[in-house]
Amino acid sequence: MNKNLLLLLTGLFIYSGCNSENNMASAPTPIIIKKKADYNTNQPYYQLDFKAAFCRFEVAVNDVTVFNMSIAGQTSSFIPINAAISQSGKQAIVVKVYPLNGEKALHRSAEFSYNIKVFDALKQLEFKEQLSGEYAIPKIDPAKKIPFLTQSAFFVANVPYNIISYQDGADLRRITNLKDKLQGAYQQLARIIANKEMGKLQKLIANREHVVGVTMYLNKEETEARIKGLTRDLGAGFKLLPIPSDAIIKISGNGKLASLVKPNGDAAITLINTQTEEEMNLEFSFYIPKGKTELEII
C-alpha cells in the first residue's frame, strides 16, 4: 500500500550548558491502543486540502500541530491528519496565519483556505467523500495592520482505533523547570546519536512510531522502513546543530505536550549534511506519563 505521508519525524540536537540530570526515561511507558473489530476492513484516511499565499501558517488538529509552513508566493497541497486523531467523534481544527518572516503585519495578499477529504487507505487512497464545509481566513483589509488571524472549525471522524497516550499525562503548564527538562532530554538524545546507538534511539521512539503506524494504517514493513530510514539518515553524515539560543517552549495537546521551537514557529532542531548541504528540520514532542516525572517522546 503506497502512501505519500507528511509526517513529523523525531530529531535531535546538541545543547551546551545543560546539566547531566536524566530528564528522559530510558524506556517508554506502554500506551493504550485499541483496534476495533473492523480495523482491517475500514481504514478512512483524513486529509486537509489547502491553498495558501503570502503567509506563515500552522495547522493544528485537536491542539496537535500537523503542519506549518512559510510561503512567500502561492501554493496548494494536502496534509494527512490521521496522526492527530486518537478516537472517533468530534475533532477540532485551528489554523493560525502569521506574517512572513521579518514582517510585523500580514501581507495584503495573505490567504488560507481548506476543506477536508476522506480517502480509503485499503484502496490505494481512493477518494471517498469531501466533508461538508469549506473554510478560510477573512480577506485582508490593506488599510489595516493585522498581526495574525485564526480560524477554527470542527468535523466528525470515524476511525477504527482508540489511542490513549499523552491525554492522561501531566499538565506541563504546571512544570516550573520544564525548559531545563527539555534541554536535558535533548542532550541525552544528542549523546545517543553521537555514539550511533540506534537501537537505543528506536526504543525511545517506539511509542511514537506505534501511534503513527496504527493511525496511518502502515503495515509492519512500512513501519520498519520509516524507522530504518530515520536512523540511516541520522547516521549518514548529518550533523546536529546547537539549538538556537532564542528557542522557546511550545505547549500543545491541551497542555500535555511540549517541544522547543524557533520564535518563528519552525522546529528548533536542524541537522545538516556538510557534503550534500542538505538540511533536515525535525520536530518531536514530549509528555510526562501519569505518575511519572521523566519526559518521554510521543
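D49 counts as buried, at 19% relative accessibility. Buried here means under 20% relative accessible area, exposed means over 50%, and partly exposed lies in between, with a 1.4 Å probe and protein chains only. K117 is buried too, at 16%. The side chains of these two residues meet in a salt bridge, 3.3 Å from N to O. A salt bridge is a side-chain nitrogen of Lys or Arg within 4 Å of a carboxyl oxygen of Asp or Glu. The pair links distant parts of the chain. K117 is in strand 5, residues 111-120, and D49 is in strand 2, 68 residues apart.

A word on the model. It is predicted: local features need pLDDT of at least 70, side-chain atom pairs count only at pLDDT 80 or more, and totals for chains, interfaces and linings use all residues. Residues are numbered from 1 along each chain as its sequence is written, and side-chain values use heavy atoms, with hydrogens and water left out.

Back to the charges. The whole structure holds six salt bridges. One of them joins R173 and D171, at 2.9 Å from N to O. R174 also bridges to D171, with the closest N and O atoms 3.9 Å apart. Shared partners join D171, R173 and R174 into one network. Are R173 and R174 buried or exposed? R173 is exposed, at 55%. R174 is exposed as well, at 70%.

Next, the pocket. The second largest pocket has a volume of about 350 Å³. On a 1 Å grid over the protein atoms alone, a pocket is an open set of points with protein on both sides within 12 Å along at least five of seven lines; a cavity is a set where a 1.4 Å probe fits but cannot get out; lining residues have an atom within 4 Å of a point. This pocket is lined by 27 residues. E58, T65, K96, Y98 and K250 lie nearest its centre.

Now the cavities. There are two of 30 Å³ or more.

Last, a sheet. Three strands form an open sheet in the order 10-13-14, with antiparallel pairing. Strands are DSSP runs of E, at least two residues, numbered from the N terminus. Two strands pair if DSSP finds at least two bridges between them. Strand 10 and strand 13, residues 269-273, pair over three bridges. K239 stands opposite I272 in strand 13.

Methods:
Helices (H or I, at least four residues) and strands (E, at least two) are DSSP runs, numbered from the N terminus. Grid points are joined across faces, edges and corners, and a volume is the space filled by probe spheres set on the points.
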